[in-house]
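Hi,

Here is the structure I promised to send over. Have a look at it first, and then read on for what turned up.

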Amino acid sequence: LNKRLFRERRLSRGAAPADLDNDGDLDIVVVNIDVKAKGKEGLPTVILNEGGNANHWLDVRLRGNRSNRDGIGAKVYVTVGERTWFDEARSSPSYLSSTEARLHFGLGGAKRVDRLRIVWPSGATQEIEDLEVNQLLTVTEPVAQKGGK
């Protein structure tokens, strides 16, 4: 981390976490509205998390068919043993910034994911079992739900 970054005065209004370098840990982009460096007015600050990642993770990118393209509003559950993580796909959880469309789950020492469950905005439910960790998984919404719905 560039320690000089925190010594510079900035007027900032929003921040968005994202795994910019696809290494499994979250980085941060900060929206600046008044940077006091010549030629850098309004540029965002990018803070890369380069401390190493000793834990496991799963990133999930949703692709809607019946629901919207990015699955905004989908509820995603990741289960390992007795523990379940939850997140909901959304586009703008921060002021003056937007996150990437994929969901990030930090899994600690888990070596596999037992079950990934998605409840799509269309009402369709999808489950995938026995997944590898440390990957970006793209999941496409089923075109038709079982039973013809």
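**What I found**

Of the chain's 149 residues, 32% count as buried (under 20% relative accessible area, with exposed meaning over 50% and partly exposed in between, using a 1.4 Å probe and protein chains only). Before you dig in: this is a predicted model, where local features need pLDDT of at least 70, side-chain atom pairs count only at pLDDT 80 or more, and totals for chains, interfaces and linings use all residues. Residues are numbered from 1 along each chain as its sequence is written, and side-chain values use heavy atoms, with hydrogens and water left out.

**Overall layout**

The chain has zero helices and 10 strands, so the elements simply read β-β-β-β-β-β-β-β-β-β from the N terminus (helices are DSSP runs of H or I with at least four residues, strands are runs of E with at least two, and numbering starts at the N terminus). Take the contacts (heavy atoms within 4.5 Å) between residues at least 6 apart in sequence: 52% of them join residues at least 24 apart. The accessible surface comes to about 9,200 Å², and 49% of that belongs to carbon and sulfur atoms; areas are from the Shrake-Rupley method with a 1.4 Å probe, and for residues only the protein chains shown count as cover.

**The core**

The largest nonpolar core has 22 residues, and L62, L107 and L116 touch the most other members. Strand 4 (56-63), strand 5 (75-80), strand 7 (103-108), strand 8 (112-119) and strand 10 (135-140) each give two or more residues to this core. By nonpolar core I mean buried Ala, Val, Leu, Ile, Met, Phe, Trp, Tyr and Cys residues joined through side-chain atoms within 4.5 Å. What does L107 touch, not counting residues up to four places away in sequence? The list is H56, W57, L58, V78, W85, V113 and V133.

E129 is in strand 9 (residues 125-132) and is exposed, at 55% relative accessible area. Leaving aside neighbours within four places in sequence, E129 is in contact with D114 and R115.

**Salt bridges**

There are eight salt bridges in the whole structure (a side-chain nitrogen of Lys or Arg within 4 Å of a carboxyl oxygen of Asp or Glu). Three of the pairs:

- R102 and D19, with the closest N and O atoms 3.9 Å apart. This pair links distant parts of the chain: R102 is in the loop between strand 6 (83-88) and strand 7, D19 is in the loop between strand 1 and strand 2, and they are 83 residues apart. R102 counts as buried at 10% relative accessibility, and D19 is buried too, at 2%. A network of salt bridges links D19, D59 and R102.
- R117 and E127, at 3.5 Å from N to O. Here R117 is in strand 8 and E127 in strand 9, 10 residues apart. R117 is partly exposed at 30%, as is E127 at 44%.
- R69 and D70, at 3.1 Å from N to O. R69 is exposed at 63% relative accessible area, whereas D70 counts as buried at 19%.

How many aromatic pairs does a search of the whole structure find? One. The ring centres of Y77 and F86 are 5.0 Å apart with the planes at 45°, so the pair is tilted (centres of Phe, Tyr or Trp rings, the six-membered one for Trp, lie within 6.5 Å; planes under 30 degrees apart are stacked, over 60 edge-to-face, the rest tilted). Y77 is partly exposed at 25%, and F86 is partly exposed at 45%.

L48 is in the loop between strand 3 (45-47) and strand 4, and is partly exposed at 33%.

Finally, the backbone. N22 has a positive phi of about 55° although it is not a glycine; this residue lies in the loop between strand 1 (10-18) and strand 2 (27-35) and is exposed at 51%. N134 has a positive phi near 60°, lies in the loop between strand 9 and strand 10, and counts as partly exposed at 36%.

Cheers
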